[in-house]
Amino acid sequence: MDFSNIACWIWPLIAGVVCGILGYLLGRLFGSSKEETTTHDTYDYKADLDACRKKTASLEADLEACRTKLKATPAAPAAASTTASMASSFAAGAATSETVISNTNTSVPSPSIGIIGVPFDAAAAKGVYGKKRIKEDDLTIVEGIGPKISELFHNHDIKTWAALASTSVEKCQEVLNSGGKRFEIHRPGTWPMQAEMAALGKWAELKKWQDEHDYGKA
């Protein structure tokens, strides 16, 4: 047997065995690492899934509790609350309306009630107004009313202080509008109030009010 060429085939054999062993070891190493990584990821996903399931179960339990409570609540309190709310809104609206009327000085007695004046006392009126001559039921005593406007009111059968005091502000404006453009610009908001003081003989109060205001405007 010729052993002269043994080196030519022994070294490749040894190299092949070494490569095989290294390949086996590397395969085991990477395979184990991949298995551990896969196991770890699977574990993390499972933990998240379990947490989501628990959260969903908790939310469903809360929802069911709310539904049960809603079914057990009687309908009567809700209706009572709605009625109370409507009553409160109505009362607030009425209070607002009264405030607006008061602030605009248009709170005058209804024409259906009327004002009953006291007997005219010329001396008392003269004592307050001095040289200014006051005639009974002279509408021009009202600040803002002149002879032409007085005549206009007379044409609508409003000829006395008591009648003017019993006339609404809206009606006074209608009378002015009937006279045309030059009368529409006047604002009769305080005229019934002033006429009432004149009809009741409250001359000092009327004079004081007129001195504090400008042409019958509040």
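This is a predicted model: local features need pLDDT of at least 70, side-chain atom pairs count only at pLDDT 80 or more; totals for chains, interfaces and linings use all residues.

Analyst: The protein chain holds nine helices and zero strands. Read along the sequence, its pattern is α-α-α-α-α-α-α-α-α.

User: What share of the protein chain counts as buried?

Analyst: Of its 218 residues, 19% count as buried. Among contacts between residues at least 6 apart in sequence, 59% join residues at least 24 apart.

User: What makes helix 8 mostly covered?

Analyst: Helix 8 spans residues 191–199, and seven of its nine residues are buried. Buried means under 20% relative accessible area. The buried residues are Trp191, Pro192, Gln194, Ala195, Met197, Ala198 and Ala199.

User: What covers the buried residues of helix 8?

Analyst: The cover includes helix 4 (147–155), helix 5 (161–165), helix 6 (169–177) and helix 9. Just after helix 8, Gly201 takes a positive phi of about 70°.

User: Why are helix 8 and helix 9 called roughly antiparallel?

Analyst: Look at the angle. Helix 8 and helix 9 pack at about 150°, with their axes 8 Å apart. Angles over 145 degrees count as roughly antiparallel. Helix 8 and helix 9 are therefore roughly antiparallel to each other. Their crossing is left-handed.

User: Which residues of helix 8 and helix 9 meet?

Analyst: From helix 8 come Met193, Gln194, Met197 and Ala198. From helix 9 come Trp203, Glu205, Leu206, Trp209 and Gln210. The residues of this contact divide into six nonpolar, two polar and one charged.

User: How do you know that helix 3 and helix 9 are roughly parallel?

Analyst: Use the angle again. Helix 3 (residues 122–129) and helix 9 (residues 203–212) pack at about 30°, with their axes 9 Å apart. Angles under 35 degrees count as roughly parallel. Helix 3 and helix 9 are therefore roughly parallel to each other. The crossing of helix 3 and helix 9 is right-handed. Helix 3 makes the contact with Ala124, Ala125, Val128 and Tyr129. Helix 9 makes it with Trp203, Ala204, Leu206, Lys207 and Gln210. These residues divide into seven nonpolar, one polar and one charged.

User: What makes helix 4 and helix 6 roughly perpendicular?

Analyst: The axes of helix 4 and helix 6 cross at roughly 105° and come within 9 Å. The range from 65 to 115 degrees counts as roughly perpendicular. Helix 4 and helix 6 are therefore roughly perpendicular to each other. Ile149, Leu152 and Phe153 in helix 4 meet Cys172, Val175 and Leu176 in helix 6. The contact has six nonpolar residues, no polar and no charged.

User: How do you know that Thr167 is buried?

Analyst: Thr167 has a relative accessible area of 7%. The cut-off for buried is under 20%. So Thr167 is buried. Thr167 lies in the loop between helix 5 and helix 6. Thr167 and Gly114 are 53 residues apart in sequence and 8.2 Å apart in space, C-alpha to C-alpha.

User: How many salt bridges does the structure hold?

Analyst: It holds three salt bridges. Side chains of opposite charge can pair when their charged atoms come close.

User: Why does the pair Asp211 and Lys207 count as a salt bridge?

Analyst: The side chains of Asp211 and Lys207 meet at 3.0 Å, N to O. The rule asks for a Lys or Arg nitrogen within 4 Å of an Asp or Glu carboxyl oxygen. So the pair counts as a salt bridge. Asp211 and Lys207 are four residues apart in helix 9, separated by about one helical turn.

User: What separates Glu174 and Lys171 in helix 6?

Analyst: Glu174 and Lys171 are three residues apart, so about one helical turn separates them. They form a salt bridge, with the closest N and O atoms 4.0 Å apart. Lys171 counts as partly exposed at 33% relative accessibility.

Note on methods:
Residues are numbered from 1 along each chain as its sequence is written. Side-chain values use heavy atoms; hydrogens and water are left out. Axes are lines fitted to C-alpha atoms, for helices over the stretch in contact, and angles run from 0 to 180 degrees between N-to-C directions. Helices (H or I, at least four residues) and strands (E, at least two) are DSSP runs, numbered from the N terminus. A crossing is left-handed if the near helix is turned anticlockwise from the far one by less than a right angle, and right-handed if clockwise. Contact means heavy atoms within 4.5 Å. Ala, Val, Leu, Ile, Met, Phe, Trp, Tyr, Cys and Pro count as nonpolar, Asp, Glu, Lys and Arg as charged, and the others, Gly among them, as polar. Buried means under 20% relative accessible area, exposed over 50%, partly exposed in between (1.4 Å probe, protein chains only).
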